[in-house]
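Work through the exercises below with the sequence and the model at hand. Each task is followed by a solution in steps.

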Amino acid sequence: MSLNPNLPLVYHPNYSFSFDPKHRFVMSKFALLYQHVKTLGLAGSNIIEPPHGRVEELEIVHCENYIHDLWHNRLDEKAMRRIGLPWSQALMNRTFTAPLGTLQTARLALKNGLACHLAGGTHHAHSDFGSGFCMVNDLAFTAQTLIQNREVTNVLIFDLDVHQGDGTAAMLAHQPYAFTCSIHCEKNFPFRKSPSDLDIGLANNMQDAEYLGIVDNTLQFLLHELNPDLVLYDAGVDIWQEDGLGKLDISWQGIEKRDHIVLKRCLANNTPVATVIGGGYDRDHQRLAQRHGIVIEQAASF
């Protein structure tokens, strides 16, 4: 399989920083993913670095009090416990940069047809609180910004993380030009789900064939019905059978096939697609980076 070295990739060095290596959230995975795609020959002049985000920019989808309290470390202990990450200035720097990275990826996809972000998919962040390792919602921010600026008429957020995209669903519930679809493990976090425009809850231990059929049929239907100007694709790899938080039984090859199907369907429909990496949990950090690299390898194969 020959890979396109000119595929637009978005990455910032502040995405990874010194962090507890035993924490459930693997903060090193972004830098390791960058090194992995570099090893594949996919990281050269095609790497685009997003600007540092400003707190005010995120107010387009987030409550002003929440976003300022988060930045200035004024959230109470309960709110930080719900997020699940210890506050630091380095964490804030990456948290407020990554949404600009997803927005930049979307704009590159609109221009080039396809682009990948080496981060993103923080779909559990709500307008006024963070949750599940997510503090700022890059998907909602990107969709709302593009729609409000009239850069697109309508956006499909196709979320295939193993966990339901509750924050994105809640934040865009009243945005008629953004359609949220989440295909996830039903009996998994979050246990209180916010309804997406389309939710498909999967049974525990579902395997490749059934899963891939659902993904393909759903995407074909949505592309036909919505004819979106852009697809924001959350390519979460926590669907893998050995993921620490997954509960599905999808093989490594199943993830490869899934990402290939999604990208192929979008491109065949002449629909620009921007990918984000979503969730993935693994004590083997290098293996996790390679798993997150699957969508980038598949994108580079077109």
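The model is predicted: local features need pLDDT of at least 70, side-chain atom pairs count only at pLDDT 80 or more, and totals for chains, interfaces and linings use all residues. Residues are numbered from 1 along each chain as its sequence is written, and side-chain values use heavy atoms, with hydrogens and water left out.

**Exercise 1.** Find which residue forms a salt bridge with Arg 81, and classify both partners by accessibility.

Step 1. A salt bridge requires a side-chain nitrogen of Lys or Arg within 4 Å of a carboxyl oxygen of Asp or Glu. Side chains of opposite charge can pair when their charged atoms come close.

Step 2. The partner of Arg 81 is Glu 77, with the closest N and O atoms 3.5 Å apart.

Step 3. Helices (H or I, at least four residues) and strands (E, at least two) are DSSP runs, numbered from the N terminus. Helix H3 (residues 77–83) holds both Arg 81 and Glu 77, four residues apart, about one turn of the helix.

Step 4. Glu 77 has a relative accessible area of 64%, so Glu 77 is exposed. Arg 81, at 56%, is exposed as well.

**Exercise 2.** Is Asp 216 buried or exposed, and which residue is its salt-bridge partner?

Step 1. Asp 216 pairs with Arg 265, and the closest N and O atoms are 2.7 Å apart.

Step 2. This pair links distant parts of the chain: Asp 216 lies in helix H7 (residues 208–226) and Arg 265 in helix H8 (residues 252–268), 49 residues apart.

Step 3. Asp 216 has 15% relative accessibility and therefore counts as buried. Arg 265, at 26%, is partly exposed.

Step 4. Elsewhere, salt bridges that share partners join Glu 242, Asp 243, Asp 282, Arg 287 and Arg 291 into one network. By the salt-bridge rule, the count comes to 11.

**Exercise 3.** State the strand order of the open sheet and name its edge strands.

Step 1. Two strands pair if DSSP finds at least two bridges between them.

Step 2. The open sheet has eight strands in the order E2-E1-E3-E8-E7-E4-E5-E6, with parallel pairing.

Step 3. Strand E2 (47–48) and strand E6 (198–202) each pair on one side only, as the edge strands.

Step 4. Strand E5 (residues 178–185) runs parallel to E6 and is joined to E6 by five bridges. Cys 185 stands opposite Leu 202 in E6.

Note on methods:
Buried < 20%, exposed > 50% of the residue type's maximum accessible area, 1.4 Å probe, protein only.
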